[in-house]
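This report describes the charged pairs, the metal site and the nonpolar packing of one protein model. The sequence and the structure are shown first, and the description follows.

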Amino acid sequence: MFYLISIVIVIVAFVSMELVAYLTHKYIMHGFLWSLHKDHHDHSNTSKFERNDYFFVIFAIPGILNILYGSSDLSAPYFWIGLGITLYGATYFFVHDLFIHQRIKVLRNTSNPYLLLLRRAHKIHHKSIMKQGGESFGMLLFIKYRSNKTIKQ
Ligand SMILES: [Zn+2]
Ligand SMILES: [Zn+2]
């Protein structure tokens, strides 16, 4: 029973992070922290790293703190919340940075329809290089479907 509850907490934390990521992307990264996110859209930064990468650090903190704080008592939810947050962050990194943007060439071609849908949806987001007026802010779940005829891969 203990482990079942733990697994449920991890899943709820993971799914909740998609909502957090969606809202953060739409209202903070395309809001008052646009100065950090801008170079991910307009590629104005020529180095291997983008200012946008600061969000890795920002998003990693709550997961790390929950894991550190909760690791002494696994019957409390904190460790499992932290694990869900961190697993979401890792999945986001693999899907967004490795698969979609090919920052390291590991997973280039796939016929997996879900991954192709995620990539198409995120390319719709990248059609705009502006702070305002963008769309498709989610990553894994809250994505906007559009036929691939309207968007270049
Ligand atoms: Zn964006
Ligand atoms: Zn992107």
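## Salt bridges

The count of salt bridges comes to 3, in a model that is predicted. Side chains of opposite charge can pair when their charged atoms come close.

| Pair | N to O distance |
|---|---|
| Aspartate 42 and lysine 38 | 2.7 Å |
| Arginine 103 and aspartate 53 | 2.8 Å |
| Arginine 103 and aspartate 97 | 2.9 Å |

Aspartate 42 and lysine 38 both belong to helix α2; because they are 4 residues apart there, about one helical turn separates them. Aspartate 42 is partly exposed, at 24% relative accessibility, and lysine 38 is likewise partly exposed, at 35%.

The salt bridge between arginine 103 and aspartate 53 links distant parts of the chain, 50 residues apart: arginine 103 sits in the loop between α4 and α5, and aspartate 53 in the loop between α2 and α3 (54-70). Arginine 103 has a relative accessible area of 29% and is therefore partly exposed, since the value lies between the limits of 20% and 50%. Aspartate 53, in contrast, is buried at 11%. The other partner of arginine 103 is aspartate 97, which is also buried, with a relative accessibility of 3%. Through shared partners, salt bridges join Asp53, Asp97 and Arg103 into one network.

## Zinc site

Which residues coordinate the zinc ion (ligand 2)? The donors are the NE2 atoms of His40, His96, His101, His122 and His126, at 2.0 to 2.2 Å. Along the sequence, these donor residues follow the spacing H-x55-H-x4-H-x20-H-x3-H. Within this set, histidine 96 in helix α4 (residues 78-100) and histidine 122 in helix α5 (residues 113-126) link distant parts of the chain, being 26 residues apart. Both of these histidines are buried.

Histidine 41 is found in helix α2, which spans residues 34-42. Is histidine 41 buried or exposed? Its relative accessible area is 3%, so histidine 41 counts as buried, the limit being under 20%. The side chain of histidine 41 makes a polar contact of 3.1 Å with that of histidine 37. When neighbours within four places in sequence are set aside, the contacts of histidine 41 are His25, His30, Trp34, His125, His126, Ser128 and Ile129. One of these, His126, is also a donor to the zinc ion.

In soluble globular proteins, nonpolar side chains tend to be buried together. The largest nonpolar core of this model has 12 residues: Met17, Ala21, Ile85, Tyr88, Tyr92, Val95, Phe99, Ile100, Leu115, Leu118, Met139 and Leu140. Two or more residues come from each of the elements α1 (2-32), α4 and α5. Helix α4 gives the most to this core, with 6 residues.

Tyrosine 92 is one of the core residues. Beyond its neighbours within four places in sequence, tyrosine 92 is in contact with Ala21, Asp97 and Met139. Among these contacts, Ala21 and Met139 are themselves members of the core, whereas Asp97 takes part in the salt-bridge network with Asp53 and Arg103.

Arginine 120 lies in helix α5. With a relative accessible area of 14%, arginine 120 is buried. Its C-alpha atom is separated by 9.9 Å from that of serine 136, a residue 16 residues apart from arginine 120 along the chain.

Methods:
Residues numbered from 1 in each chain as written. Chains lettered and ligands numbered in written order. Predicted model: local features only at pLDDT ≥ 70, side-chain atom pairs only at ≥ 80, totals over all residues. Heavy atoms only, no water. Buried < 20%, exposed > 50% of the residue type's maximum accessible area, 1.4 Å probe, protein only. Polar contact = N/O pair within 3.5 Å; in protein donor to acceptor, adjacent residues only side chain to side chain. Contact = heavy atoms within 4.5 Å. Donors = N, O, S within 2.8 Å, 3.2 Å for Na, K, Ca; no water. Core = buried A, V, L, I, M, F, W, Y, C linked by side-chain atoms within 4.5 Å. Salt bridge = Lys/Arg side-chain N within 4 Å of Asp/Glu carboxyl O.
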